[in-house]
Amino acid sequence: FKVEPEAHYNYLDPCAGEGEAVLTLIKTLHGEERKAVENVDLRCVEMELTRYASLKEACGTLSWHWGSTQNALHCDAFCVRFKVSKGVSLLYLNPPYDTDPVCGRLEEKFLVRFTPTLMAGGLLVFLVPFYALAASAKTLAKEYSSVACFRFPEPEFSGYKQVALIATKREAALFELDPKIEAKVQKWAKDAASIPVLEEGAKTFTVPQSGKWGKPFDTWKT
């Protein structure tokens, strides 16, 4: 990923766990010094109490305000109402891997719920088992463009069959399903061998700049 120094960026992780993944991403892009992340906002949610405690502590070590309840919430992410104007620069989405009676897959339920938080041109980083992509093919084809997918290298891939799908949020006026993207995603979901292996330097994605978010959460339930 590519970012501009001193520009402002917003990141959202609605199922953050202990925060290791999203914080590693931010440190890699912006550095680990507190001054380096002064123009970076992170909003994250974790439902399990022990993981939330670790998340809040980890956030606080990188930026003093990230550890507050204004930036890291302990609750069910589906109970949060996000106060979004322009939207976030990057949505890091690594949801639980399971089935869902309505959406087919729980990963798709998370994708539908949190796609609206992205700004036009914002980046989705969607970490899921490759076969779970089938349930999200139509959503991705309707709301995203420039969709790319990479499978984890071995031996990591053997464990959970994970892939990293990266896509750009489309303009609202262009929300018409792209059959080529749908077909591409369905192919990936059927055949993991058709997905290139994730490796350093394979492709560069530019994270779009965003304005300051202000108060991130309007109201929420616990």
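The face of helix H2 turned away from its buried side carries four exposed residues: Leu49, Thr50, Glu57 and Thr61. The buried residues of H2 are Tyr52, Leu55, Cys59 and Leu62. They sit on the same side of the helix, because they cover an arc of only 90° around its axis. This is a predicted model. Its mean pLDDT is 89, and 91% of the residues in the chain reach 70 or more.

**Helix H2 and its surroundings**

- H2 runs over residues 49-62, which makes 14 residues.
- From first C-alpha to last, H2 reaches 20 Å, close to the 20 Å expected at 1.5 Å a residue.
- An α-helix has 3.6 residues a turn, so residues three or four places apart point the same way.
- The cover over the buried residues of H2 includes helix H1 (20-30), strand E2 (40-46) and strand E3 (72-74).
- Glu48 caps the N-terminal end of H2. A side-chain oxygen of Glu48 lies 3.1 Å from the backbone nitrogen of Thr50.

**Glu46, a buried acidic residue**

- Glu46 lies in strand E2, one of the elements that cover the buried residues of H2.
- Is Glu46 buried or exposed? Glu46 counts as buried, because its relative accessibility is 6% and the cut-off for buried is under 20%.
- A polar atom of the Glu46 side chain lies 2.7 Å from the backbone nitrogen of Gly17.
- Leaving out residues up to four places away in sequence, Glu46 touches Cys15, Ala16, Gly17, Arg51, Tyr52, Leu55, Leu73, His74 and Cys75.
- Two of these contacts, Tyr52 and Leu55, are among the buried residues of H2.

**The nonpolar core**

- In soluble globular proteins, nonpolar side chains tend to be buried together.
- Here the largest nonpolar core has 70 residues.
- The residues with the most contacts inside this core are Tyr11, Leu124, Leu133 and Leu165.
- Strand E8 (residues 118-129) gives the largest share of this core, seven residues.
- What does Tyr11 touch, not counting residues up to four places away in sequence? Its contacts are Val3, Ile26, Leu29, His30, Val40, Asp41, Leu42, Arg43, Leu90 and Val207.

**Helices H4 and H6**

- Helix H4 spans residues 133-143. Its buried residues are Leu133, Ser136, Ala137, Thr139, Leu140, Ala141 and Glu143.
- These buried residues pack against helix H3 (106-114), E8, E9, E10 and H6.
- Gln186 is in helix H6, residues 179-190.
- Gln186 counts as partly exposed, at 25% relative accessibility.
- Not counting residues up to four places away in sequence, Gln186 touches Ala134 and Ala137.
- Gln186 and Ala134 are 52 residues apart along the chain, yet 5.3 Å separates their C-alpha atoms.

**Backbone features to check**

- Most residues other than glycine have a negative phi, and most peptide bonds are trans.
- Glu6 is not a glycine, but it has a positive phi of about 70°. Glu6 is placed in the segment before strand E1 (9-13), and it counts as exposed at 75% relative accessibility.
- Lys161 is not a glycine either, and it has a positive phi of about 60°. Lys161 is placed in the loop between H5 and strand E10 (162-169). It is partly exposed, with a relative accessible area of 32%.
- A cis peptide bond joins Glu154 and Pro155, with omega about 5°.
- Pro155 lies in the loop between strand E9 (144-151) and helix H5 (156-160).

**Pro196 in its loop**

- Pro196 lies in the loop between H6 and E11.
- With a relative accessible area of 42%, Pro196 is partly exposed.
- Pro196 touches Cys149, Phe150 and Arg151, not counting residues up to four places away in sequence.
- Pro196 and Pro5 are 191 residues apart in sequence. Their C-alpha atoms are 30 Å apart in space.

- Among the elements of the chain, H6 has the highest mean pLDDT, 97.
- Strand E11 (residues 217-220) has the lowest, at 49.
- Where pLDDT is low, the predicted coordinates should not be read in detail.

Notes: Residues are numbered from 1 along each chain as its sequence is written. This is a predicted model: local features need pLDDT of at least 70, side-chain atom pairs count only at pLDDT 80 or more; totals for chains, interfaces and linings use all residues. Side-chain values use heavy atoms; hydrogens and water are left out. Helices (H or I, at least four residues) and strands (E, at least two) are DSSP runs, numbered from the N terminus. The expected span of a helix is 1.5 Å times one less than its number of residues. Buried means under 20% relative accessible area, exposed over 50%, partly exposed in between (1.4 Å probe, protein chains only). The arc is that of the directions from the helix axis to the C-beta atoms. Contact means heavy atoms within 4.5 Å. A polar contact is a pair of N or O atoms within 3.5 Å; within protein, one must be able to donate a hydrogen and the other to accept it, and residues adjacent in sequence count only if both atoms are side-chain atoms. A nonpolar core is a set of buried Ala, Val, Leu, Ile, Met, Phe, Trp, Tyr and Cys residues joined through side-chain atoms within 4.5 Å. pLDDT is the predictor's confidence in each residue, from 0 to 100.
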